[in-house]
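The points follow the display.

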Amino acid sequence: MGIFGILLILRFFKEMDMRLRVFLIVASIFALILFVGIGLETILQWVSSIIKSLGISSRTIDMLLQGEIADDNNRSRIYETAIQMIRNGGLFGYGAYGDRYVIGNIAFVGYCHNIILEILIDFGILLGGIFCLRMFYASIKIMFFAQEKEWGDIYMILFVSVTKLFLSGSFWYSEAFWGALAVWISYKKAVKKKKSQMEMKGNEEWTIVQRRSHQG
């Protein structure tokens, strides 16, 4: 929800009332000063105490405070192995499900719990890297610069769901990932079709103007 809220603010920032924009800017600066001055650990302790006072436990915050978040489910070893596989995989990687053969020996789930690492392992630094950069560029373009806001609305919902793949799961099994990919492809086709229609309309109008000039 936090990621979704931040994306919504960024997306509609230009359309907001000036007073609201000033408030958000001042609040962001205050939050940054607070973060730098007090430190993440102190802030997490505050959040943890507030949550616990409400009778709610937060395992993630407790693990962050204890410095154990990277070691959850053997993640630190998984990430180290994944990075080594990327280095050894060359330009084109190991192919689909390539991480399973190695990581499956050190973790029960068998995949590396990080979408970027998984893509680079499967498709290599060259193809995987290009795909990741293209997806990042497309995500920014669709969510913040699409003329038809409906495309951005749909993609943003899927994008937020995909962000969990940076810490857990595999993109091969993620409906949100494949849904976002389908929206990206459909958006590109829609933009191309609209551009083609505008060019055809422009050519027709130009032809009409030329005919009228000849007749005159």
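1. Both Glu-118 and Arg-100 are buried, where buried means under 20% relative accessible area, exposed over 50%, and partly exposed in between (1.4 Å probe, protein chains only). Their side chains form a salt bridge at 3.1 Å, N to O; the term stands for a side-chain nitrogen of Lys or Arg within 4 Å of a carboxyl oxygen of Asp or Glu. This pair links distant parts of the chain, with Glu-118 in helix α7 and Arg-100 in helix α6 (residues 100-103), 18 residues apart.

2. On the source: this is a predicted model, in which local features need pLDDT of at least 70 and side-chain atom pairs count only at pLDDT 80 or more, while totals for chains, interfaces and linings use all residues. Residues are numbered from 1 along each chain as its sequence is written, and side-chain values use heavy atoms, with hydrogens and water left out.

3. Arg-100 has a further partner: its side chain meets that of Asp-99 in a salt bridge of 2.6 Å, N to O. Asp-99 is buried, as is Arg-100.

4. The structure holds 3 salt bridges. One of them joins the side chains of Glu-148 and Lys-194 (3.0 Å, N to O). Glu-148 lies in the loop between α7 and α8 (149-162) and Lys-194 in helix α9 (residues 175-215), so the pair ties together parts that are 46 residues apart in sequence. Glu-148 counts as partly exposed because its relative accessibility is 28%; Lys-194, at 33%, also counts as partly exposed.

5. As for the overall make-up, the chain has 9 helices and 0 strands. Helices (H or I, at least four residues) and strands (E, at least two) are DSSP runs, numbered from the N terminus. Of the 216 residues in the chain, 30% are buried.

6. Helix α5 (residues 75-88) and α7 have axes that come within 9 Å and cross at roughly 20°. The axes are lines fitted to C-alpha atoms, for helices over the stretch in contact, and angles run from 0 to 180 degrees between N-to-C directions. The two helices, α5 and α7, are therefore roughly parallel to each other; angles under 35 degrees count as such, over 145 as roughly antiparallel, 65 to 115 as roughly perpendicular and the rest as oblique.

7. Helix α7 (residues 115-145) also holds Phe-123. Phe-123 is partly exposed, at a relative accessible area of 31%. Together with Leu-91, Phe-92, Ile-125, Leu-126, Leu-127 and Ile-130, Phe-123 makes a nonpolar surface patch of about 650 Å². Patches are made of residues with over 30% relative accessible area and no salt bridge, with like charges joined within 9 Å and nonpolar side chains (Val, Leu, Ile, Met, Phe, Trp, Tyr) within 5 Å. Accessible areas come from the Shrake-Rupley method with a 1.4 Å probe, and for residues only the protein chains shown count as cover.

8. Two backbone angles deserve a check. Tyr-97, in the loop between α5 and α6, has a phi near 60°, a positive value in a residue other than glycine. Tyr-97 counts as partly exposed because its relative accessibility is 32%. His-113 has a positive phi of about 60° although it is not a glycine, and His-113 sits in the loop between α6 and α7. At 6% relative accessibility, His-113 counts as buried.
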